[in-house]
Amino acid sequence: METRLALLARKGDQRAFAEIVELYKDKIFHLAYRMLNNRHEAEDVVQDTFLRVYKNLDRYDENQKFSTWIYRIGTNLCIDRLRKRKPTYSLDAEMNDQEGVDGYSILPSDDRTPESELLLSETQQLIRQAIESLPAKYKTVMVLRYLQDLSLQEISDVLDMPVTTIKTRVHRGREYLRKKLERKL
């Protein structure tokens, strides 16, 4: 039925498209709300989904289920929104749990004491030694991941290895460092 409606809508039948909207508006809203946990964003996703469906009806393959196609569009829009979400912090905002305290008060001061410099230097030295002691296959991955800040995919491309292998090596490298450093820090 949805395929027939999509084909009619593709030919310009606005009532057919209105039926599609009626059939899927709640389903897409629930999908988006579960993914985003925000009513307004979920409503935006519903609207964007139907706009995208309308604009791309000529690209819909009637051999596919219409529901799969529209859910994929909605899911991708949710994923895009999740990726764009970044926590925003303001130094001027008061801390939730402490009245009268703002972000400036938790910034470390620039007044480094010789003692704090020594502690920092010793900690950095311990971490450098632990990284140096890693087996080569873990060390390379850990350096690329945490010192060069590359993504798992970028590391995979660089080392010409599957991403799953990279994930395993990052995990094992972290475990190795944790065991090595937990006794010292």
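Which residues does Glu-41 touch, not counting residues up to four places away in sequence? In this predicted model, where local features need pLDDT of at least 70, side-chain atom pairs count only at pLDDT 80 or more, and totals for chains, interfaces and linings use all residues, the partners of Glu-41 are Leu-36, Arg-81 and Arg-85. Residues are numbered from 1 along each chain as its sequence is written, and side-chain values use heavy atoms, with hydrogens and water left out. Contact here denotes heavy atoms within 4.5 Å.

The chain contains 8 helices and 0 strands, where helices (H or I, at least four residues) and strands (E, at least two) are DSSP runs numbered from the N terminus. Read from the N terminus, the order of elements is α-α-α-α-α-α-α-α. Of the 185 residues in the chain, 25% are buried; the term buried applies under 20% relative accessible area, exposed applies over 50%, and partly exposed covers the values in between (1.4 Å probe, protein chains only). The accessible surface of the chain amounts to about 13600 Å², and carbon and sulfur atoms contribute 49% of that surface. Among contacts in the chain with a separation of 6 or more, 51% join residues 24 or more positions apart.

Helix α1 spans residues 2–10, and its buried residues are Leu-5, Ala-6 and Ala-9. These residues lie on the same side of α1, because they cover an arc of only 100 degrees around the axis; the arc is that of the directions from the helix axis to the C-beta atoms. The packing partners of the buried residues of α1 are α2 (14–36) and α4 (66–84). After α1 comes Gly-12, which has a positive phi, near 105 degrees.

Helix α3 comprises residues 39–55 and includes Glu-41. Glu-41 counts as buried because its relative accessibility is 17%. Arg-39 also belongs to helix α3. With neighbours within four places in sequence left aside, Arg-39 contacts Phe-29 and Tyr-33. Arg-39 and Phe-29 are 10 residues apart along the chain, with 8.5 Å between their C-alpha atoms. Lys-55 is likewise placed in helix α3, and this residue is exposed, at a relative accessible area of 65%. A separation of 9.4 Å is found between the C-alpha atoms of Lys-55 and Arg-10, which are 45 residues apart along the chain.

Helix α5 (residues 114–132) holds Gln-129, a partly exposed residue with a relative accessible area of 41%. From C-alpha to C-alpha, Gln-129 is 9.8 Å from Lys-180, although the two are 51 residues apart in sequence.

Two packed helices are described by the angle between their axes and the distance between the axes. Helix α7 (residues 152–159) packs with helix α8 (residues 163–182) at an angle of about 110 degrees, and their axes are 9 Å apart. The angle therefore makes α7 roughly perpendicular to α8. On the scale used, angles under 35 degrees are roughly parallel, those over 145 roughly antiparallel, those from 65 to 115 roughly perpendicular, and the rest oblique. Axes are lines fitted to C-alpha atoms, for helices over the stretch in contact, and angles run from 0 to 180 degrees between N-to-C directions. Helix α7 contributes Leu-152, Gln-153, Ile-155, Ser-156 and Leu-159 to the contact, while α8 contributes Val-163, Ile-166, Lys-167 and Val-170. By class, the contact of α7 with α8 comprises 6 nonpolar, 2 polar and 1 charged residues; Ala, Val, Leu, Ile, Met, Phe, Trp, Tyr, Cys and Pro count as nonpolar, Asp, Glu, Lys and Arg as charged, and the others, Gly among them, as polar.

Definitions and conventions:
Accessible areas come from the Shrake-Rupley method with a 1.4 Å probe; for residues, only the protein chains shown count as cover.
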